[in-house]
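Student: I would like to learn how to read a protein model step by step. Could you take me through one, giving the general idea before each case?

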Amino acid sequence: MESDFKLDFFEGKTYDDWEEEVAKKAKADLAKMAPMVRCPYCKSTDVKKLSLTGKALSIGGLGILSNKIGKTYQCNNCKSTW
């Protein structure tokens with residue numbers, strides 16, 4: 001149910017619009033506080049999580065010689081995996 005209730009506190013917006021804006025700001029603040037993954041070798045934060053599909057293709061192609069077995073992340077700076 002859309003509310004038409006307005007007060008100066010909501011800066012001329014409906015309560016629902018104001019509530020949605022506050023929720024977006026809170027979510028953005030939480031994203032900023034999320035822990036960052038760092039490369040243990042070069043300390044870069046430019047890392048990506050390895051996908052299950054990519055791991056499966058690597059293991060399927062190289063078998064036991066794949067360097068992605070047991071790895072979760074790859075650094076985009078030095079290309080190491082861990």
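**Reading the model feature by feature**

Tutor: Let us begin with burial, which asks how much of each residue is covered by the rest of the protein: of the 82 residues in this chain, 16% count as buried. Please keep in mind from the start that the model is predicted.

Student: How much accessible surface does the chain have, and what share of it belongs to carbon and sulfur atoms?

Tutor: The accessible surface comes to about 6700 Å², and 59% of that area belongs to carbon and sulfur atoms.

Student: What does the pLDDT say about the chain and its elements?

Tutor: The general idea is that pLDDT gives the predictor's confidence in each residue on a scale from 0 to 100, and where it is low, the predicted coordinates should not be read in detail. Here the chain averages 78, with 67% of the residues scoring at least 70. Among the elements, helix α2, residues 52–62, has the lowest mean pLDDT, at 67, while strand β2, residues 73–75, has the highest, at 91.

Student: Where do E20 and K24 lie relative to each other in helix α1?

Tutor: They are four residues apart in helix α1, which covers residues 15–33, so about one helical turn separates E20 from K24. K25 and E21 also both lie in helix α1, four residues apart, and that again is about one turn of the helix.

Student: What about aromatic rings: how many pairs does the structure hold?

Tutor: For such pairs we look at the distance between ring centres and the angle between ring planes, and this structure holds two aromatic pairs. In the pair formed by Y15 and W18, the ring centres are 5.8 Å apart and the planes stand at 40°, so the pair is tilted. Y15 and W18 are three residues apart in helix α1, which puts about one helical turn between them. Y15 is partly exposed, with a relative accessible area of 33%, and W18 is partly exposed as well, at 24%.

Student: Which residues does C42 touch, leaving aside those up to four places away in sequence?

Tutor: C42 touches C75, N77 and C78. C42 is found in the loop between α1 and β1, and at 30% relative accessibility it counts as partly exposed. Although C42 and N77 are 35 residues apart in sequence, their C-alpha atoms are 7.8 Å apart in space. For the chain as a whole, among contacts between residues at least 6 apart in sequence, 39% join residues at least 24 apart.

Notes:
Residues numbered from 1 in each chain as written. Predicted model: local features only at pLDDT ≥ 70, side-chain atom pairs only at ≥ 80, totals over all residues. Heavy atoms only, no water. Helix = DSSP H or I, 4+ residues; strand = E, 2+ residues; numbered from the N terminus. Buried < 20%, exposed > 50% of the residue type's maximum accessible area, 1.4 Å probe, protein only. Contact = heavy atoms within 4.5 Å. Areas by Shrake-Rupley, 256 points an atom, 1.4 Å probe, with all protein chains shown as cover. Phe/Tyr/Trp six-rings, centres within 6.5 Å; stacked < 30°, edge-to-face > 60°.
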